Amino acid sequence: MNKEINTNLVVIGGGPAGYSAAFRASDLGIKTILIEKSKVLGGVCLNMGCIPSKTLLHFAKFLQEYQEFLDLNIFFNKIDFNLKNLKIWKNNIIQKMNNGLNILANKRNIKIIYGKASFINKNKIIVDNDTNKKFFINFKNVIIASGSKPIKLPYVKTSEKRVWYSTEALNVPFIPNRMLVIGGGIIGLEMATVYSSLGAKVDVIENSERILPSVDIDISSFFMQTIKEKFNLMLQTSIKNINFKKDYILVEIKQKDIIKKMHYDVILVSIGRFPNTNSLKLNNTEVQLNERKYIITDQQCRTNISNIFAIGDVSGPPMLAHKGIYEGHISSEVIFGKNHFFDTKIIPNVCYTDPEVAWVGITEQEAAEKNISYSTSIFPWNVLGRAHASNSSIGLTKLIFNKNTRQIIGGSVIGRNAGELLGEITLAIEMGCDVSDISLTMHAHPTLYESINSASKMFEGTITDLLNIK
């Protein structure tokens with residue numbers, strides 16, 4: 001049975017970008033239909049990404065802290081945990097958030113259709129669901145928020161159960177004795193953190209000369225020093241061959257000019273993500289894609305077709321939920337008639353490893369390329385009282401200032417809860433704060449965030465917690 005529907009707005013994709021766009025549109029009085037191919041809202045982020053990974057990372061951090069107290073002979077018994085109940089706890093968190101989204105959608109009278117959407121033309125889509133029921137939806141405007149998927153290894157069969165991608169890894173089928181992570185990006189590093197804490201011996205290989213290329217080299221180098229006892233990170237390393245034996249996986253890797261043969265139980269592939277554009281039949285709309293198949297948009301999230309918008313992962317990197325949420329609001333407000341633009345100065349980034357790495361704004365390299373006269377201040381956490389009191393003294397806070405204007409233009413934090421500390425730096429850059437705005441603002445003691453205040457005082461030459469070099 002087919003059904004034809006007319007609406008003002010269709011949002012394709014129920015992840016953070018999509019549901020935020022739909023919710024904002026509904027609040028503005030726009031009749032909205034939300035299409036989601038899965039059985040639940042939340043997208044990859046809630047169901048197979050951000051939330052389950054951070055849940056497992058929180059548990060991994062707890063295990064690490066327990067081990068630290070064990071090393072201090074404060075605890076005497078090694079910890080034992082129930083993997084089944086850990087997964088139940090994780091899944092319950094996801095379900096609660098799924099239910100919350102459904103309640104919010106229902107309260108807003110948003111019609112949700114579960115199924116796969118594809119374009120017939122620039123004003124009509126078809127939605128297929130599992131019941132063979134087809135919906136034909138005529139719309140004035142559409143927001144594409146179809147997300148992304150992991151890039152697969154082309155030379156490995158998809159049926160091979162010992163090759164995991166992020167979804168399989170977050171389901172935690174079992175804890176392998178030896179795991180190889182291919183790809184040293186944020187997802188790979190976070191999963192290495194989780195599984196090494198759960199008891200696996202983990203190797204991470206990365207083609208590049210360094211990890212986290214969008215942060216300053218001193219920050220990434222500091223991070224590499226902190227994690228070398230937790231898992232093995234091999235740079236400038238590539239796969240030469242993979243041979244699936246009955247009881248193990250034989251992997252031949254090349255590190256610079258050295259060939260090694262290694263045995264693993266599981267391979268986790270984390271080599272990037274690809275936009276979900278292929279199934280949308282965008283060729284029926286003449287919407288333009290770039291060479292990497294991302295949808296090209298302007299600062300209002302509008303494509304070259306005036307009534308078609310694209311947000312989130314599908315519109316290009318950075319692939320971050322908070323960037324998609326921001327775009328979701330902008331696109332719905334533009335459709336409503338507001339003259340709004342995606343004009344944020346900065347996008348914060350967090351790698352939720354242990355320690356966390358968080359950064360925002362301009363790096364030293366970018367400042368040099370833009371001929372900005374800059375200065376840096378680095379405050380080490382090993383002189384921070386709260387850091388010692390919480391076993392978090394391995395860390396640092398780095399600020400980058402424009403020498404001429406004295407404004408903060410960038411910052412990085414590495415340490416436990418670094419992502420939470422980044423908020424003040426992000427707001428300071430967005431507001432155009434100069435160093436005195438931070439240094440003369442009283443910060444609570446003892447806290448971790450007072451390191452931001454101390455780094456500012458280092459730039460001014462008023463620091464007392466360290467020798468005042470200036």
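Below are my entries, topic by topic.

**Ground rules.** This is a predicted model, where local features need pLDDT of at least 70, side-chain atom pairs count only at pLDDT 80 or more, and totals for chains, interfaces and linings use all residues. Residues are numbered from 1 along each chain as its sequence is written, and side-chain values use heavy atoms, with hydrogens and water left out.

**Helix pair.** I looked up helix 3 (residues 50–71) and helix 4 (residues 83–107), whose axes come within 10 Å and cross at roughly 140°. Helices here are DSSP runs of H or I with at least four residues, strands are E runs of at least two, and both are numbered from the N terminus. The axes are lines fitted to C-alpha atoms, for helices over the stretch in contact, with angles from 0 to 180 degrees between N-to-C directions. Helix 3 and helix 4 are therefore oblique to each other; angles under 35 degrees count as roughly parallel, over 145 as roughly antiparallel, 65 to 115 as roughly perpendicular and the rest as oblique.

I then listed who meets whom, with contact meaning heavy atoms within 4.5 Å. From helix 3, Ile-51, Pro-52, Thr-55, Leu-56, His-58 and Phe-59 meet Leu-86, Trp-89, Lys-90, Ile-93, Ile-94 and Met-97 of helix 4.

**Cores.** A nonpolar core is a set of buried Ala, Val, Leu, Ile, Met, Phe, Trp, Tyr and Cys residues joined through side-chain atoms within 4.5 Å. Buried is under 20% relative accessible area, exposed over 50%, partly exposed in between (1.4 Å probe, protein chains only). The largest core has 37 residues, and those touching the most other members include Met-179, Tyr-195 and Phe-223. Helix 6 (residues 186–198) gives the most to this core, with six residues. A second, separate core of 26 residues includes Val-350, Trp-381, Leu-448 and Ile-463.

**Cis prolines.** I found the Asp-354 to Pro-355 peptide bond to be cis, with omega near 10°. Pro-355 is in the loop between strand 18 (349–351) and strand 19 (356–361). His-445 to Pro-446 is cis too, with omega near -5°, and Pro-446 is in the loop between helix 12 (435–439) and helix 13 (450–460).

Which phi does Lys-281 have, positive or negative? Lys-281 has a positive one of about 55°, though not a glycine, and is partly exposed at 46% relative accessibility. Arg-406, also not a glycine, has a positive phi of about 65° and sits in the loop between strand 21 (396–402) and strand 22 (408–415).
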